[in-house]
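These are my notebook entries on a structure that I looked up for a reader new to it.

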Amino acid sequence: MAVFPQLATGASTHYPAVKTRRSRTLVNTMADGRSIKLADAGADTAAWQLTYAELADSEKATLEDFFARMEGSLQSFTFLDPAGNLLSWSEKLDEPVWEKGPLIATAGGQRDPLGTMRASTVRNTAGGAQSVQQTLEAPANYVYAFSLYARAAAPVEVALFRGTDRQQAAVATDWSRLVLPGQSTAAGDSLAFGLELPAGCAVDVFGLQVEAQPAPSRYQRTEEQGGVYEARFQNDLLRFTTEGPQRHACVIQIIHANHI
Amino acid sequence: MATFPKLKTGAILQYPAARGLRFANQVVRFLDGTEQRFRTAAAARRRWEVRLDFLDESEMAEIDLFFQENQGVFGTFSFTDPWDGTEYPNCSLEAGELRMEAVAEMRGRTSLMVRENVN
């Protein structure tokens, strides 16, 4: 499937960016003010308004080419939420979306760096290195920032990975944020992000996050819906304003709806 | 019971904040000018306007999740009135739309209307 392009910087959009969620509920309001409600979950939509400014010629051409290839609102494409955590169930490592090595055990409800009890302990009881990972249906060669908070009872070194790219990271006894930023050299329509623990190691983790941008922002909790959407352009017109050489601007509207 | 999310500071809303109280009465006017009034609802209904600015990405994500979990106006949740600390256990969002604007890094902006349901 086609994927909405990133800018030359690796960012997906500029500020301001607007995200709008719409939800449909049928409401029958009685004369006395009481109401009977019926949710229509299938009608939920998410829409983004992306405002671009100071685009270079090459970035303008990329967006124009992509819009032409999608034939406006006709074709659907993969859209990575520019203001969201792409992972699903960021705090529930026992969900099936997290693939774990056979001897990896996870336990939620641990104290986290925010002072709440939303962290998880990941324990590798195997004799060799094991990992916990989530695979995203997202292009392998985009720029991503994978981040998580970790601590351990004794200092230990773990590996963060993004597809085949790996980076060793030291986990201290206090919470620290580990970050694996950058662009993978691999190609493909999916990419796994995860954490590899050496044999016999236990680490508390919190705030696992993948963003389609060069550096991590504040942690954003997710549940079933991660930040990877099947979406379309909301309309059939793409209009650029050129304010000078290599200075183009436009506003793009994108919509995700299960029913279209 | 779901609860309306608090900001990192522990606050529920920011200034300017608005709170409303709505009664539902009906008036029958007669030809001679006299009136008869009666209640059409058992109690007053409260309404809060929650305008939020300068939110970081974590706080915006919590508001987004809260809206999704409630399916817009469908769900009910508990809301603590920030004026007097009274908890209203049966409240809903008033609109089926949530607009979240990322103005800059760590500067998100949104607003929600919360209303008390009639039991």
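**Entry 1. A sheet in chain A.** I began with β4(A) and strand β7 (residues 130-136) of chain A, which run antiparallel and are joined by two bridges. Strands here are DSSP runs of E with at least two residues, helices are runs of H or I with at least four, and both are numbered from the N terminus. I took two strands as paired if DSSP finds at least two bridges between them. Within this pair, A:Glu99 has A:Gln133 in β7(A) as its bridge partner. I then followed the whole sheet: it is open, has five strands in the order β4-β7-β12-β9-β10 (chain A), and its pairing is antiparallel. At its edges I found β4 (99-100) and β10 (165-171) of chain A; each has a single partner strand, so one side of each is left without a neighbour in the sheet.

**Entry 2. Basis of the model.** I noted that this is a predicted model, in which local features need pLDDT of at least 70 and side-chain atom pairs count only at pLDDT 80 or more, while totals for chains, interfaces and linings use all residues. Residues are numbered from 1 along each chain as its sequence is written, and chains are lettered from A and ligands numbered from 1 in the order in which they are written. The model scores ipTM 0.84 and pTM 0.90. For pLDDT, the predictor's confidence in each residue from 0 to 100, chain B has a mean of 91, and 100% of its residues reach 70 or more. Among the elements of chain B, β8(B) has the highest mean pLDDT (95), and strand β1 (residues 2-3) of chain B has the lowest (88).

**Entry 3. Domains of chain A.** I recorded domain 1 (14-83 + 228-257) and domain 2 (99-211) in chain A; the bounds come from an automatic or database domain assignment. The C-alpha centres of these two domains of chain A lie 31 Å apart.

**Entry 4. Chain B as a whole.** I counted one helix and nine strands in chain B, and along the sequence they follow the pattern β-β-β-β-β-α-β-β-β-β. Its C-alpha atoms fill a box of roughly 65 × 30 × 25 Å along the principal axes. Of its 119 residues, 24% count as buried, that is, with 20 or more other C-beta atoms, placed from the backbone, within 10 Å of their own.

**Entry 5. Where the chains meet.** How many residues of chain B are in contact with chain A? I found 30, against 27 residues of chain A, a contact being two C-beta atoms, placed from the backbone, within 7 Å. On the chain B side, α1 (57-70) and β8 (97-104) each supply at least two residues.

**Entry 6. β8(B) and its two partners.** Strand β1 (residues 14-29) of chain A runs antiparallel to β8(B), with six bridges joining them. In β8(B), B:Glu101 is the bridge partner of A:Val18, and B:Met100 stands opposite A:Lys19. Within chain B, β8(B) also pairs with strand β9 (residues 107-116) in the antiparallel sense over three bridges. The hairpin of β8(B) and β9(B) has two residues between the strands, and B:Met106 takes a positive phi near 60° in it.

Key. Buried ≥ 20, exposed ≤ 12 C-beta atoms within 10 Å, placed from the backbone.
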